[in-house]
Amino acid sequence: MTVRQALNVIDESPASAPTPAPASAPAIELSHAARWYGNVVAVNDVSFTLGAGVTGLLGPNGAGKTTLLHMLAGFLAPSAGQVLVLGRSPHRDPSVYRQIGLVPEREAVYPFLTGLDYVRFNARLQGMRNADEAARRTIALVCMDDSMDRAIGTYSKGMRQRIKVAGSLVHDPQVLLLDEPFNGMDPRNRIAMMDLLGTLADQGRTILFSSHILEEVERVGTEILVMVSGRLAASGDFRAIRTLMTDRPHSITVRSSDDRRLATTLMADPAVFAVELTHAGLSVQTAQLSAFRRLLAGASRAAGVRLLEVVPADESLESVFDYLVRR
Amino acid sequence: MNPMAAIPEIMRVTFRQLLGRRRTLLLVLLAMLPVALAIAFRLGGQTDVERFSRRIFDTVSMTILLPLVAILFGSGAFGAEIDDGTVVYLLAKPVPRWMVIAAKAVSAAAMAILLTGAATALAGWIDLVPAGNDGLLATEAQVLAMVVGSACYVSLFLALSLFTRRALVIGIGYMLVWEGALSFMLPGIANLSIRQYALGASAAIYQLPVQEARLSADTAFILSGVLVVAALAVATWKLMRFELPGGSD
C-alpha cells in the first residue's frame with residue numbers, strides 16, 4: 001500500500017475525517033506570544049499565522065523551538081500574547097487534542113508496549129471505535145508493519161520516532177506538531193517520512209515540525225520559520241530565505257602556493273569586497289558565494305597559483321542564524 | 001466516541017507500568033512476611049487472635065507492609081511517566097483530567113489492596129480462621145483495614161507525586177516519623193493518621209485487640225472518605241495545570 005493509498009483509506013472513514021479550519025481562519029495563530037521562566041526568556045514576542053501545508057521551524061539548540069511547540073500543544077501557557085490553534089487557546093482544553101497530533105522530542109515511549117499496543121492505546125484514548133483497524137492502517141503509513149508486534153523497548157531510535165509519529169497520526173488530526181521528528185531515522189525512512197508529511201499537507205493539514213538541520217527543512221518545508229534566541233528571525237518561503245542565507249557576507253580562508261599573488265587577482269573582482277593576509281592564509285570576504293567559487297578556480301589558474309586549502313570560516317548554522325537576526 | 005473508554009485503557013497501561021518493575025517483586029516478597037510469620041506461629045501453636053493481631057497484623061502488616069506497598073504504588077502511578085516524559089502521550093488526548101486521575105488511582109489502589117489484602121487474608125486463614133468465629137471476623141476486619149489504608153495512602157501519595165519528585169521519600173518519612181513515632185506520643189495526631197483511619201475502620205467488623213486504635217469506625221470512614229476525595233480533587237487540579245518543560249531547544 002502506498003502512502004497515498006493508505007491516506008485515502010483514512011479519508012474515507014467518516015469517524016476520523018479531519019475537520020478543516022474555515023478557509024479564512026489560520027490553523028495556527030501566534031500574536032506577540034512570549035514565554036519566560038523567571039529571568040530567562042525562552043520565546044520573545046513571536047507572531048505568525050500558518051495555514052495548510054508543511055512549515056519547518058528551524059533554529060539552533062536553545063532557540064526556543066520546543067517551548068514554542070509546547071505552547072502550541074497546550075502544555076505551556078504563554079507568559080504574554082496569544083496562542084490559538086484552530087481558533088481557540090489550546091491551554092487547559094483537552095478537547096483540542098481531537099484535532100492536534102503531537103510528536104514530542106523526548107525519545108521515551110512505553111517500553112513494555114508493542115508498537116501496535118501503543119498506537120491502539122492512542123486511538124482508544126481518542127475515543128475511536130475502530131481503534132485496532134485505525135492503528136494497523138497508521139502503522140502501515142510509517143512502514144512499521146513488520147515490527148508492530150515487538151515491544152517498543154527493543155526498537156531502535158529511528159523506529160521509536162516512527163511509532164511516535166504513528167501514535168500522533170492515528171486519529172487523523174488537522175494540525176500536526178512534530179519536535180525533531182527525523183532524529184535517529186536512517187536516510188531511507190527519513191525520506192519516506194518527509195514524503196508522508198508532504199502528502200498529509202497536500203490533503204489540507206497544517207504541519208509544523210522543528211529541526212536544527214537545514215537540509216531536513218529544505219526537503220519538506222515550503223514555508224519556514226527561523227528562530228534564534230527566542231525570537232522569530234525570519235519567516236516565509238524557504239527558497240527566499242535560503243537565498244538570503246547563501247548571499248549573506250561569507251568569510252573564507254584560502255591557503256595557496258602564493259597567497260600574495262592570489263590576493264591581487266581576487267581583489268580585482270567585484271564579487272570580493274575584502275582580502276586580508278593572515279598567518280593562516282588569505283581571509284576573503286564575499287557576498288556572492290557561488291560567484292566566488294567560480295572566480296577562485298579561474299583566478300588561481302590565471303595567476304599560476306596552486307590552491308592548497310579552501311575553508312569556509314563562518315559556515316556553522318549558528319553563524320547563519322546570527323546573520324539573519326542582525327539583518 | 002466514548003470518553004469513558006479511556007479509563008480501562010489507562011488502567012491497563014498503569015498496571016503494566018506498576019507490575020513491570022523489579023520493586024513489585026520485592027513487594028511480593030515483603031507481602032510474604034506476615035504469611036511466613038503466620039506459618040511459624042501456627043507451627044509453634046500460638047494461634048490466638050490477640051497475639052496474632054499484635055505481633056503480626058499490627059507490627060508487620062499495618063506498620064510496614066501496608067504503608068510501604070501503598071506509598072510505592074501511589075507515588076509510582078505517575079512518577080515514572082513524569083520523569084521520562086511519557087505522560088505527554090496520556091495528556092495530549094481529549095480525556096478529562098479527572099478521568100486520568102481516577103484511572104490511575106483505581107489501578108494503584110487495586111494493586112495495593114490485592115497485595116496487602118491477599119497477604120493479610122492468607123495469614124489470617126492460616127492462624128485465625130481455625131480459631132473459630134472470632135478469628136474469621138478478625139481476619140475480615142484486618143482485610144478491611146488494608147482496603148481503607150490502601151485507598152488513603154495511594155490517593156495521598158499519588159497527589160503528592162504531581163507536586164514533587166520526592167513523593168516516595170516524603171512518604172517513607174511520613175510513615176516513620178509521623179505514624180511511627182509522633183502518633184504514639186501525641187494522641188491528637190490520630191485525626192491526621194492514615195494508620196488510625198485503617199485501624200478505626202476495621203472496628204466496623206471486629207474490635208481488634210491492638211493497642212493504639214483511637215478512632216471510631218464512623219469517624220474513620222468519614223475521615224478516609226474526605227482524604228481520598230480531597231487528594232484526588234487536588235491531583236486533578238494539579239494535572240489540569242501540568243506544564244511540560246521548554247526543553248533544550
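What percentage of the 249 residues in chain B is made up of buried residues? Buried residues account for 49% of the 249 residues in chain B, where a residue is buried if 20 or more other C-beta atoms lie within 10 Å of its own, exposed if 12 or fewer, and partly exposed in between, with C-beta atoms placed from the backbone.

The model is predicted, so that local features need pLDDT of at least 70 and side-chain atom pairs count only at pLDDT 80 or more, while totals for chains, interfaces and linings use all residues. Residues are numbered from 1 along each chain as its sequence is written, and chains are lettered from A and ligands numbered from 1 in the order in which they are written.

**Confidence.** The model scores ipTM 0.86 and pTM 0.81. Chain B averages a pLDDT (the predictor's confidence in each residue, from 0 to 100) of 89, and 96% of its residues score at least 70. Within chain B, confidence is lowest in H7(B), with a mean of 84, and highest in H9(B), at 96.

**Chain B.** The secondary structure of chain B comprises nine helices and zero strands, helices (H or I, at least four residues) and strands (E, at least two) being DSSP runs numbered from the N terminus. The radius of gyration of chain B is 19 Å, close to the 18 Å that the globule rule gives for 249 residues, so chain B is as compact as a globular protein of that length; the radius is taken over C-alpha atoms, and the rule is 2.2 Å times the number of residues to the power 0.38. Along the principal axes, the C-alpha atoms of chain B fill a box of roughly 65 × 35 × 35 Å. Of the contacts in chain B with a separation of 6 or more, 78% are between residues 24 or more positions apart, two residues being in contact if their C-beta atoms, placed from the backbone, lie within 7 Å.

Helix H8 (residues 194-202) of chain B is mostly covered, with nine of its nine residues buried. These buried residues of H8(B) pack against helix H3 (49-84), helix H6 (133-161), helix H7 (167-185) and helix H9 (217-240) of chain B.

**Cores.** A nonpolar core is a set of buried Ala, Val, Leu, Ile, Met, Phe, Trp, Tyr and Cys residues joined through C-beta atoms within 7 Å. The largest has 162 residues, and among the members that touch the most others are A:Ala166, A:Leu177 and B:Phe73. Leaving aside neighbours within four places in sequence, B:Phe73 is in contact with B:Leu18, B:Ala108, B:Met111, B:Ala112 and B:Val154. A second, separate core of 11 residues includes A:Leu262 and A:Val284.

**Contact between the chains.** Chain B contributes 27 residues to the contact and chain A contributes 33 residues. On the side of chain B that touches chain A, H1(B) gives the most, with four residues.

**Chain A.** Chain A has 11 helices and 13 strands, and 45% of its 327 residues count as buried.
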